[in-house]
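Please read the points alongside the coordinates.

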Amino acid sequence: MKVEFELNGTRVGADVEARTTLADCIRDQLKQTGTHLACEHGVCGACTVLMNGQAVRSCLILAVQAQGERVVTVEGLSRDESLTPLQAAFRKHHALQCGFCTPGFITTAHALLTEEPEADEERIRDVLSGNLCRCTGYVPIIQAVLEARSAYAHKGNEE
Amino acid sequence: MRIANSYIGQPIERTEDLRFLRGRGTYVADINRPRQLTAVILRSSIAHGRLNGIDASRALQLPGVHRILTAKDFDTEIPRIALRLQPLSDLEPFHQPMIADQKVRYVGEPVAVVVAETAAIAEDALDYIAVDIEPLPVFVSREQADAALLFEQHGTNCAITWKALRGDADAAFKMAEYVRRERFKVQRHAAMFMEPRGFVADWDGQKLTVWGAAKTAWYNRRLLAASLRLPIEAVDLVEVDVGGGFGSRGEFYPEDYLIPAAAKVIGRPVKWNEDRREHMIAANHAREVECEVEIAATRHGRVLGLRGQIWSDVGAYVRTNGSVGPRNVAQYMSGPYAIENIELTSSMLLTNKTPTGTYRGPGRFETDFIRERMLDLVAKDLNIDRLELRRRNLVADRQMPYPLASITPYDSSTELDSGDYHAVFDRCLAEFDWKTKEQFSGRLIDGYYHGLAVGSFIEGGAAGPKEQARLVLEPDGTLSVYLGSSSVGQGLETIMAQIAADATEVPYEKIRVLHGSTSHVKEGYGSYHSRATVMGGSAILLAAEKLKQSIKASAAKRLGCAAEEVVLDGEQARGGNRSIAFAELIEVPIEIEAEFFNNKQTWAYGTHAAHVAVDPGTGHVKVLDYMAVEDVGRTINPATLHGQAIGSIVQGLGGAFLEHLVYDENGQLLTGSFADYLLPTASDFPKIRSLTVDLKPCPNNPLGAKGGGEGGIIPIGGIMANAVADALKHLNVQPMELPLSPPRVWALVEAAKAQLAS
Amino acid sequence: MKLPAFDYASPASLEEAVALLASRSGSAKIISGGQSLVPMLAFRLAAPELLVDLKRLQGLNRIVIADDGVRLGAKVRWCEIDRDAMLQGAHPLLVEAVRHVAHYQIRNRGTVGGSLAHADPAAEMPGIAITCEAELTIIGPQGQRVDKASDFFTGSLTTSLASDEILTEIKLPPWPAGRRWAFLEFARRRGDFAMAGVALFYELVDDKIADIHIGAIGVGDRPLRLRAVEAVLNGQTLDDRAIEAAAAAVRESVDPPSDIHAPAEYRRALLATLLARALRQSETGR
């Protein structure tokens with residue numbers, strides 16, 4: 001089946017089976033491997049991408065369900081020359097070690113702060129409780145997201 | 001005049017982060033080779049049985065299925081996984097075959113390898129393969145008393161019994177004024193790193209390249225080459241980015257052979273990626289221990305001895321490092337305390353479950369739970385303050401080096417190297433503010449009972465025997481550091497660059513670190529037992545020294561002075577009033593190798609304290625504050641070390657409260673997904689504090705460092721159980737078993753209430 | 001854990017969707033949010049031949065607050081309930097229960113209809129449906145029918161839906177302002193399925209409890225209405241004695257399963273504890 005959608009600002013198309021997940025389509029057909037698979041049953045959040053601005057588990061979405069939608073992955077939230085404020089905050093606070101869960105945290109935190117730049121620590125923890133990390137113990141991740149808030153203030157609904 | 005590099009001790013931001021944060025890491029699942037096929041492993045769904053036959057004919061008819069390999073396709077005699085650590089001949093009967101051969105002994109044991117165009121097709125094919133297994137009785141618990149033998153020739157399911165000995169335990173117990181005997185249990189759980197395992201193997205007719213290596217690539221290469229009957233030089237294991245290991249990834253598993261072997265048999269690259277469900281039954285389990293232990297003490301609380309029996313449920317085979325945990329439980333039960341008389345046996349029980357291996361702080365998490373619980377029980381019985389009891393028993397600095405129990409067979413002795421355990425103990429209590437928090441002990445506030453606990457631990461590191469480093473200084477001034485150490489996410493590239501920068505004076509930005517692949521150095525050892533900083537770092541120091549000598553010698557010739565007069569500053573050499581830039585001096589790259597040998601473990605140590613609140617109605621335990629203090633001798637990068645500490649602590653809390661691999665009586669794993677195997681999340685343990693000090697350097701390596709990074713996890717089980725006991729002391733609740741799940745805590749409360757009522 | 005093969009259709013109308021379901025005699029399934037279905041496919045616990053996506057169907061995601069009650073279209077997502085400013089006041093019990101559902105990413109996709117049709121015995125939405133005596137509108141080849149929640153949930157992961165029927169809407173009775181209510185569940189971690197949970201509301205007539213509704217999740221093969229406990233409380237003043245009696249009645253009323261996460265006696269005691277706490281919480285009269 002053919003599916004067409006917007007990926008990181010560009011119109012893309014792929015030939016997929018009905019059973020191909022969005023995660024596998026992004027990784028295998030569209031060669032964007034920043035989105036990771038750590039469980040494939042919708043618990044760990046490593047596969048989180050943004051669909052129409054909302055954080056979703058790409059392992060639980062069929063590629064064909066993304067038809068016509070706007071998808072953004074961690075690559076689409078990155079710049080070549082420098083780290084974004086969110087990424088820089090992660091680095092500063094040592095909020096990653098092995099890096100495998102990191103893209104999922106970046107996309108989720110970005111979605112959260114875009115919608116709720118005033119989110120407090122409890123809200124941040126609540127939202128990020130849907131992403132598993134085995135290395136950091138979460139403390140530095142929360143610190144990084146708290147610090148990154150200032151970069152999102154007054155930004156409105158930008159992606 | 002350049003300022004000398006001083007990167008060691010700085011919280012340098014990590015170079016690795018630049019790619020990880022942008023989704024530009026390269027993990028093994030991201031690697032693809034031309035013409036590659038994908039493998040999926042067919043695994044036994046029966047825990048114990050005779051493998052009578054496999055009929056893959058229907059599966060082979062599915063479009064896209066290329067081959068289905070079984071034991072006979074691999075070798076006439078299926079190779080076995082040899083032990084990397086403590087390779088006693090006694091344990092040889094229990095080595096795992098690379099693929100099930102005549103018998104299956106655990107649910108998850110590889111039975112066939114399906115190779116197809118895609119993973120989805122290969123998975124489809126699994127349902128069409130008929131495996132004829134004649135079931136045998138299943139042995140899953142010590143209580144069943146050898147109901148079925150896993151290895152009939154052996155006559156028992158006890159693989160081996162280790163013994164830890166020091167002094168004269170019988171005499172100590174005879175004369176002791178106080179003795180208490182208890183039983184304890186720690187549950188089966190596992191490292192559960194986030195990136196599932198995987199390999200991509202490519203055989204070009206002469207050379208086999210395998211991506212996906214980690215931890216111990218050189219040992220694995222030797223074993224793989226031998227298993228495939230290839231010369232070592234024909235095999236290269238390549239380490240790419242690795243998504244966590246914690247002692248479990250990187251050991252040699254059946255798949256380490258099956259995937260490269262499949263590539264060799266088929267003649268096309270083969271890629272395999274474990275999925276999470278598979279990971280839970282295939283990757284090493286850990287920590288399942290029960291024991292009956294006695295402690296002897298004077299009535300003033302001086303601990304005289306430990307005596308008892310420990311049983312470790314090691315699963316169906318003894319894997320590469322399967323002995324480490326069981327040995328450690330016995331050898332390190334005394335921890336940081338001066339206990340002179342020890343006699344502990346530690347038996348390894350084979351069961352029809354997934355085999356076990358090391359997981360962060362192997363045996364140490366379990367043994368500290370046992371010991372710290374015992375200490376609080378002793379304090380209660382003898383009416384001695386819990387803090388005072390520990391102070392009376394902690395090893396003093398002047399007693400170092402302090403020998404621990406020796407363990408046999410495969411003799412190993414070790415001694416605590418340096419440390420001020422009392423100072424760190426007091427520091428922890430101060431940072432935690434025990435004085436103020438003490439008032440909460442046992443109090444009921446808003447429906448929660450509050451409790452405190454403190455515990456000390458030791459953390460062994462820097463296992464020998466050696467590590468290699470190779471430095472290459474290019475004419476343009478770039479320094480490449482090739483290391484035998486491997487990266488599992490701990491910031492290796494950054495830390496080693498810091499060490500290399502200080503040692504060579506080369507500017508930090510001009511240093512790149514390459515690690516873990518067998519093409520990098522002749523013989524590396526890898527990252528395990530918290531050894532990379534000490535072993536890899538020390539190897540770099542030795543190589544750097546040799547490199548500087550070499551440069552000085554060349555410069556001396558060019559500058560017309562003696563080599564001793566030459567001064568280097570990272571970009572030029574000066575001597576006899578003249579100077580010459582490296583760019584001019586170095587015409588061809590200078591390559592230097594060095595090895596660092598070490599057979600003395602380092603002993604980092606620390607103290608943790610905790611404040612919890614227990615809801616007796618639900619059994620839920622909230623961790624209100626957790627304070628960890630550790631002395632690692634010399635910190636290379638405080639940010640990464642701190643990160644390790646926090647991460648390690650949260651893993652320990654997962655082990656104390658949430659994580660449990662549960663089997664039923666048929667050897668079926670009931671907790672087979674993240675919905676049932678519960679990992680800590682961001683909302684579970686918000687208040688964790690950690691402080692690392694460089695109080696007592698290690699006298700046994702040039703860095704003065706001690707392996708750190710595992711410590712955080714070690715004391716958690718004991719501290720949490722003690723804190724819960726403290727909270728519920730009005731009921732005399734005494735947890736003896738982990739995890740402290742809500743139903744277990746609730747049941748302890750109910751039992752205690754019933755006890756008091758009667 | 002790649003999914004098994006299936007056909008996929010994305011019909012433009014309900015009629016077409018129903019026809020597609022009917023055409024496969026039981027081996028077609030609806031997909032909407034997919035947050036419950038796709039994991040089942042990943043574990044190969046289900047292998048439907050055809051998935052019928054409700055994506056293109058219009059009009060099934062409305063939230064309507066009217067005098068005759070609150071209507072939620074089957075495609076309403078949890079995040080839409082979060083964002084609806086009127087719902088908090090219109091049905092605070094629903095909103096509070098929905099706050100406990102899953103996690104952020106799942107809430108952006110998962111639907112009310114999906115949760116009801118999936119019928120996990122520990123799920124919040126079925127619990128609310130039972131407690132509030134909701135009505136569920138269902139479309140099939142024979143046309144439209146309405147099921148009472150008490151008839152809809154027939155067992156663990158089982159409902160009255162035939163394989164060719166589609167749930168389109170749930171209607172909750174009107175919620176008077178000032179009503180006393182509480183929702184309390186206990187889960188191992190935030191967002192996990194409840195080990196047990198209770199939803200309740202009642203009126204106060206002459207300071208006494210009247211017409212109390214108590215629903216429980218996680219303690220049976222379906223969400224339960226605790227009528228025996230309601231009988232103990234109706235007509236009583238809400239005091240310690242009444243709460244004690246209610247807790248005791250709870251223990252008699254339920255026969256929870258034992259599983260790897262908790263034995264039956266724990267769930268039984270947990271439910272009693274949660275009920276007592278919920279009753280106390282309800283006193284503050286939100």
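**Chain and domain contacts**

1. Chain C meets chain A through 24 residues of chain C and 22 residues of chain A. The model is predicted, and these totals for chains and interfaces use all residues.

2. On the side of chain C that touches chain A, at least two residues each come from strand S1 (7-9), helix H2 (37-42), strand S3 (50-53) and helix H6 (104-107) of chain C. By residue class, this side of chain C comprises 13 nonpolar, 6 polar and 5 charged residues.

3. Chain A has two assigned parts, domain 1 (2-76) and domain 2 (85-152). Their C-alpha centres are 21 Å apart.

4. Within chain A, the contact between the domains involves 15 residues of domain 1 of chain A and 11 residues of domain 2 of chain A. On the domain 1 side, strand S3 (48-51) and strand S4 (54-57) of chain A are the elements that give two or more residues. S3(A) provides the largest share of that side, 3 residues.

5. What is the division into nonpolar, polar and charged residues on the side of domain 1 of chain A that touches domain 2 of chain A? There are 8 nonpolar and 7 polar residues, and no charged ones. For the side of chain C that touches chain A, the charged count is 5.

How values were computed. Residues numbered from 1 in each chain as written. Chains lettered and ligands numbered in written order. Predicted model: local features only at pLDDT ≥ 70, side-chain atom pairs only at ≥ 80, totals over all residues. Contact = placed C-beta atoms within 7 Å. Helix = DSSP H or I, 4+ residues; strand = E, 2+ residues; numbered from the N terminus. Nonpolar A, V, L, I, M, F, W, Y, C, P; charged D, E, K, R; others polar. Domains from an automatic or database assignment.
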